[in-house]
Amino acid sequence: MAGTACAASDKGGRLTRIPAARAKRLAVLDILAGRFEPGRVYPERNVNAILREYNEDVAALRRYLIDEEFLERREGFYWRAGGTFEV
């Protein structure tokens, strides 16, 4: 993945697997959350398209992003709720 030396990614930046260790997974999720613009609402199909660039298991990535409070969801729409913000 761009911006990190992630042993779970290939040379193209795609995740080959979702890290099992929570600390490593949080680092990956923070990078993924950075793909979502603060204040913008995304329909699920757009979230899936963004996440599919990194790994085919978009359902797992969405679930982790929600569970770890990087994204919030209501009625099929998602928005960024956390993660590192550039100032």
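Asn48 is buried, with a relative accessible area of 13% (buried means under 20%, exposed over 50%, partly exposed in between, with a 1.4 Å probe and protein chains only). The model is predicted: local features need pLDDT of at least 70, side-chain atom pairs count only at pLDDT 80 or more, and totals for chains, interfaces and linings use all residues. Residues are numbered from 1 along each chain as its sequence is written, and side-chain values use heavy atoms, with hydrogens and water left out.

**View 1. Asn48 and its partners.** Asn48 lies in helix α2. Beyond its neighbours within four places in sequence, Asn48 is in contact with Val58 and Arg62 (contact means heavy atoms within 4.5 Å). Val58 and Arg62 are among the buried residues of α3.

**View 2. The whole chain.** Helices (H or I, at least four residues) and strands (E, at least two) are DSSP runs, numbered from the N terminus. Of the 87 residues, 37% are buried. Among contacts with a separation of 6 or more, 49% join residues 24 or more positions apart. The accessible surface comes to about 5,500 Å², and 48% of this belongs to carbon and sulfur atoms (Shrake-Rupley method, 1.4 Å probe; for residues, only the protein chains shown count as cover).

**View 3. Helix α1 against helix α3.** Two packed helices are described by the angle between their axes and the distance between the axes. Here the axes of α1 (residues 22-33) and α3 (residues 58-67) come within 10 Å and cross at roughly 95°. Axes are lines fitted to C-alpha atoms, for helices over the stretch in contact, and angles run from 0 to 180 degrees between N-to-C directions. The two helices are therefore roughly perpendicular (65 to 115 degrees; under 35 is roughly parallel, over 145 roughly antiparallel, the rest oblique). From α1, Arg25, Leu29, Leu32 and Ala33 meet Leu61, Tyr64 and Leu65 of α3. These contact residues divide into six nonpolar, no polar and one charged. Ala, Val, Leu, Ile, Met, Phe, Trp, Tyr, Cys and Pro count as nonpolar, Asp, Glu, Lys and Arg as charged, and the others, Gly among them, as polar.

**View 4. The buried side of α3.** Val58, Ala60, Leu61, Arg62, Leu65 and Ile66 are the buried residues of α3. Their cover includes α1, α2, β2 and β3.

**View 5. The largest nonpolar core.** This core has 18 residues. Leu32, Phe36, Val47, Leu51, Leu65 and Leu71 have the most contacts inside it. α1, α2 (44-52) and α3 each supply at least two of its residues. A nonpolar core is a set of buried Ala, Val, Leu, Ile, Met, Phe, Trp, Tyr and Cys residues joined through side-chain atoms within 4.5 Å. Leaving aside neighbours within four places in sequence, Leu71 is in contact with Phe36, Leu65, Ile66, Tyr78, Trp79, Arg80 and Ala81.

View 6. Glu69 follows α3 and lies in the loop between α3 and β2 (71-74). Its phi is about 65°, positive although Glu69 is not a glycine. Glu69 counts as exposed, at 60% relative accessibility. Glu75 sits in the loop between β2 and β3 (77-80). Phi of Glu75 is also positive, near 50°. Glu75 is exposed, with a relative accessible area of 74%.
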